[in-house]
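Thanks for making the time this morning. I would like to walk through one model with you, moving from the overall layout to a few side chains, and I will state the cut-offs as we go.

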Amino acid sequence: MVNPPSDTHLVTEAWLLCGLAQSLPGRLHLERQMLSFTHDSGELLFHAPLRDVQQVVFPWYYFGGGCQLTVDGIRHRFSFVRPNDADDAMDRLAAGAGDAGAVHAQVAGKFMDISTGRAAGRVWKEALR
């Protein structure tokens, strides 16, 4: 069970990891001791009191950029680092095919994704400790 201060308010971009090669983009939201995930389409995937959130872990193999947690008996895996299957990541790859400058921009973009995602992971780890 997690128990951050009751005034904790946190919203970050996150991807719900589904299987090996699919993810759903959305927002992970913590406010008033309630945790929710809303898909970018607007669909609310869950909204639960923190007392019902169990088995919160930040696995070493996520390198600080993701977590796993259980809500209502369902295990959820989240990445705060933009996955390679994300729509905009694929757009970046398509736009830069054959262009050395675009390849450099893609690498720089991925580095920023990782840095931003790991920073979000640190904030969530503190909030859900």
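Let me begin with a definition: a residue is called buried when its relative accessible area is under 20%, exposed when that area is over 50%, and partly exposed in between, using a 1.4 Å probe and protein chains only. What you see is a predicted model, in which local features need pLDDT of at least 70 and side-chain atom pairs count only at pLDDT 80 or more, while totals for chains, interfaces and linings use all residues. Residues are numbered from 1 along each chain as its sequence is written, and side-chain values use heavy atoms, with hydrogens and water left out.

With that rule, Thr 70 is buried, because its relative accessible area is 6%. Thr 70 sits in strand β6, where strands (E, at least two residues) and helices (H or I, at least four) are DSSP runs numbered from the N terminus. Its side chain has a polar contact of 2.8 Å with the side chain of Gln 55, and another, of 2.9 Å, with the side chain of Arg 75. A polar contact here is a pair of N or O atoms within 3.5 Å; within protein, one must be able to donate a hydrogen and the other to accept it, and residues adjacent in sequence count only if both atoms are side-chain atoms. If we define contact as heavy atoms within 4.5 Å, and leave aside neighbours within four places in sequence, Thr 70 touches Asp 52, Val 53, Gln 54, Gln 55 and Arg 75.

Stepping back, the protein has two helices and seven strands, and from the N terminus the order is β-β-β-β-β-β-β-α-α. Of its 129 residues, 40% count as buried.

Which residues have the most contacts inside the largest nonpolar core? They are Leu 28, Leu 35, Leu 69, Phe 78 and Trp 124, in a core of 21 residues. Such a core is a set of buried Ala, Val, Leu, Ile, Met, Phe, Trp, Tyr and Cys residues joined through side-chain atoms within 4.5 Å. The elements that give two or more residues to this core are β1 (9-18), β2 (22-31), β3 (34-39), β4 (44-49), β6 (66-71) and α2 (100-127). For Leu 69, again leaving aside neighbours within four places in sequence, the contacts include Leu 35, Phe 46, Val 56, Phe 78 and Leu 128.

Now to the aromatic rings. Rings of Phe, Tyr and Trp (its six-membered ring) pair if their centres lie within 6.5 Å, and planes under 30 degrees apart count as stacked, over 60 as edge-to-face and the rest as tilted. By this rule there are five aromatic pairs. The rings of Phe 46 and Phe 78 have centres 6.2 Å apart and planes at 65°, so this pair is edge-to-face. This pair links distant parts of the chain, with Phe 46 in strand β4 and Phe 78 in strand β7 (residues 74-79), 32 residues apart. Phe 46 is buried at 8% relative accessibility, and Phe 78 is buried at 0%. Ring pairs also link Phe 37, Phe 46 and Phe 78 into a cluster.

A further pair is formed by Tyr 61 and Tyr 62, whose ring centres are 5.3 Å apart with planes at 80°, so this pair is edge-to-face. Tyr 61 is partly exposed at 44%, whereas Tyr 62 is buried at 15%.
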